[in-house]
Amino acid sequence: MSYLEDRNPFFQLRKEECITKDTGISTNKVAIINDETNDVLGLVSPGYELVTNRMVNGLFQEAIGDLNIYETHDHLDAVTRRWRRRFIFSDASTDVEVTKGDNVNVMLEVFNGYDARTAFGYQLMSYRWICENGMVMGKQSLFGESYAHYENSPEKLRNSFTMKFGLYKEVAESWREWAQIPFSTKTFETFVESRKYLGDRVKKTLVDSYEPILNKEKLEDNKWGAFNVLTYLSSHETKARKGSAVFSAGYKNINRAAADLYTFDEKLMLEAA
């Protein structure tokens with residue numbers, strides 16, 4: 001992952017009462033402000049339960065416990081309103097070889113936000129060592145949780161995400177099967193063109209990138225290769241004007257396409273043709 005966050009995700013916050021400019025009357029709202037940049041991050045009610053990035057990080061660090069962490073990557077949006085921290089594990093127990101020399105491991109993405117709409121929680125993802133791709137694993141509802149209220153229970157949290165390691169192993173078996181399923185440039189183009197949420201320019205970029213990325217990353221033209229072309233593009237080729245691209249529409253849409261591969265039946269497509 002090429003993005004390196006140089007801003008502190010654990011900045012101090014302050015709250016200020018919101019009043020009308022002309023009358024000075026309280027609006028019954030409180031502004032959450034980044035004390036380092038003075039950016040307003042959200043407007044909340046006075047009794048709003050503020051869960052800070054520091055609190056969330058501490059909770060997950062304790063929950064992770066003795067699991068081996070290889071690296072930690074932070075991502076902030078343009079005004080530090082939303083934060084994601086990715087813990088990349090190097091435990092032998094969760095390491096999977098999909099094809100010879102092509103290994104993946106678990107990546108735990110923790111998130112939080114100060115916009116009063118983003119709850120804190122996590123998504124279990126995977127990490128491909130060869131090209132440092134972050135990889136989605138199908139339905140987010142199966143591999144993640146979000147929490148409306150803070151509960152200082154690291155053991156409960158650890159049980160929540162480690163229980164999903166079994167699902168991760170099942171998905172890895174699917175990847176091994178994908179490595180045996182041919183996926184030509186024409187098949188990839190048909191798949192991309194059928195994604196109605198992708199714009200024409202994005203579709204062209206994806207299709208034009210297919211063979212070059214397969215060659216660059218030494219991937220075969222199979223379904224595993226197609227999946228990694230998409231995750232490579234979302235991990236390395238999406239950009240945001242400011243802040244991390246993981247909050248950009250391009251990243252979300254290409255990852256959505258990658259997730260669609262789990263339910264895409266190339267056999268039915270060939271039969272229809």
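## Positive phi residues

Thr80 counts as buried because its relative accessibility is 5%, where buried means under 20% relative accessible area, exposed over 50% and partly exposed in between (1.4 Å probe, protein chains only). Thr80 is not a glycine, yet has a positive phi of about 65 degrees. Thr80 sits in the loop between β4 (69-76) and β5 (82-89); strands (E, at least two residues) and helices (H or I, at least four) are DSSP runs numbered from the N terminus.

Asn28, in strand β2 (residues 26-34), also has a positive phi, near 60 degrees. Asn28 counts as exposed, because its relative accessibility is 54%.

## Basis of the model

This is a predicted model, in which local features need pLDDT of at least 70 and side-chain atom pairs count only at pLDDT 80 or more, while totals for chains, interfaces and linings use all residues. Residues are numbered from 1 along each chain as its sequence is written, and side-chain values use heavy atoms, with hydrogens and water left out.

## Nonpolar cores

A nonpolar core is a set of buried Ala, Val, Leu, Ile, Met, Phe, Trp, Tyr and Cys residues joined through side-chain atoms within 4.5 Å. The largest has 55 residues, and Phe60, Leu108, Phe161, Trp175, Phe188, Trp224 and Leu230 touch the most other members. Helix α7 supplies the largest share of this core, 7 residues.

Leaving aside residues up to four places away in sequence, Leu230 touches Phe188, Phe191, Leu206, Ile254, Ala257, Ala258 and Leu261 (contact means heavy atoms within 4.5 Å).
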